[in-house]
Amino acid sequence: MDKKALSQFVIVTLAVISLSLLYFFYPVTTSHIYPRCLFHSVTGLDCPGCGSQRAASALLHGKLLDALDYNVLFVVVLPLILYAAFVFSWNVFSSKKIRQNIFYSTTFVKLILLLVLIFWIVRNIPVSPFNWLKA
């Protein structure tokens with residue numbers, strides 16, 4: 001077992017558990033301890049991540065529709081993030097490694113970047129149906 005990978009796993013796991021507990025017990029919609037988006041504060045526009053904290057908090061409380069309303073991109077991409085976390089965890093503890101080539105494909109990275117840029121632009125168009133994407 002690789003000690004560096006194990007220490008990374010422990011650190012990330014503790015961070016995720018801590019943030020999950022924080023978001024669960026102090027929901028973003030009712031607490032003022034969370035940082036505001038600097039981009040939104042300066043421009044008045046939503047960045048691709050605006051609403052992600054509220055979406056994560058809503059998901060922890062079982063409110064999927066609220067989470068989609070806060071940041072649909074976060075909710076849609078979350079399964080990919082969870083899959084990557086699962087593969088990393090599996091590879092730390094198992095002798096039979098899983099190769100996740102999709103995340104290292106230049107095509108995949110370009111598609112994700114394009115998706116984020118399109119989402120960033122479209123969510124700031126102030127007409128229906130695009131204003132539904134506003135955080």
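Setting aside neighbours within four places in sequence, Ala55 is in contact (heavy atoms within 4.5 Å) with Ala67, Tyr70, Asn71, Phe74 and Val75. The structure is a predicted model, in which local features need pLDDT of at least 70 and side-chain atom pairs count only at pLDDT 80 or more, while totals for chains, interfaces and linings use all residues. Residues are numbered from 1 along each chain as its sequence is written, and side-chain values use heavy atoms, with hydrogens and water left out. The protein contains six helices and zero strands, where helices (H or I, at least four residues) and strands (E, at least two) are DSSP runs numbered from the N terminus.

**Overall architecture**

- The order of elements along the sequence is α-α-α-α-α-α.
- The C-alpha trace spans about 55 × 40 × 25 Å along its principal axes.
- Of the 135 residues in the protein, 24% are buried; buried means under 20% relative accessible area, exposed over 50%, and partly exposed in between, with a 1.4 Å probe and protein chains only.
- Among the contacts with a separation of 6 or more, 48% involve residues 24 or more positions apart.

**Surface and charge**

- The protein exposes about 9500 Å², of which carbon and sulfur atoms supply 73%; accessible areas come from the Shrake-Rupley method with a 1.4 Å probe, and for residues only the protein chains shown count as cover.

**Helix H3 and its packing**

- The buried residues of H3 are Ser52, Ala55, Ala56, Ser57 and Ala58, and they pack against helix H1 (3-25), helix H4 (64-70) and H5.
- Ala55, which lies in helix H3, has a relative accessible area of 0% and is therefore buried.
- The C-alpha atoms of Ala55 and Tyr23 are separated by 10.0 Å, although these residues are 32 apart along the chain.
- Val75, a contact partner of Ala55, is placed in helix H5 and counts as buried because its relative accessibility is 14%.
- Leaving aside neighbours within four places in sequence, Val75 is in contact with Ala55, Leu59, Leu64, Ala67 and Leu68.
- Val75 and Leu65 are 10 residues apart in sequence, with a C-alpha to C-alpha distance of 9.9 Å.
- Gly62 follows H3 and has a positive phi, near 75°.

**Buried polar residues in loops**

- Asp46 is located in the loop between helix H2 (38-43) and helix H3 (52-60); a relative accessible area of 3% makes Asp46 buried.
- The side chains of Asp46 and Lys134 are joined by a polar contact of 3.4 Å. A polar contact is a pair of N or O atoms within 3.5 Å; within protein, one must be able to donate a hydrogen and the other to accept it, and residues adjacent in sequence count only if both atoms are side-chain atoms.
- Not counting residues up to four places away in sequence, Asp46 touches Phe39, His40, Trp120, Arg123, Asn124, Lys134 and Ala135.
- Ser94 sits in the loop between helix H5 (72-93) and helix H6 (106-122) and is buried, with a relative accessible area of 16%.
- A polar atom of the Ser94 side chain lies 3.1 Å from the backbone nitrogen of Lys96.

**Cysteines**

- A disulfide is a covalent bond between the sulfur atoms of two cysteines.
- Disulfides are assigned here to a pair of cysteine sulfur atoms within 2.5 Å, and by this rule the count is zero.
- Cys37 is in no disulfide, and its nearest cysteine sulfur, that of Cys50, is 3.5 Å away.
- Cys37 counts as partly exposed because its relative accessibility is 24%.
- The closest cysteine sulfur to that of Cys47 is in Cys50, at 3.6 Å, and is therefore too far for a bond.
- Cys47 counts as buried, at 15% relative accessibility.

- The peptide bond from Ser128 to Pro129 is cis, with omega near 5°.
- Pro129 is placed in the segment after H6.
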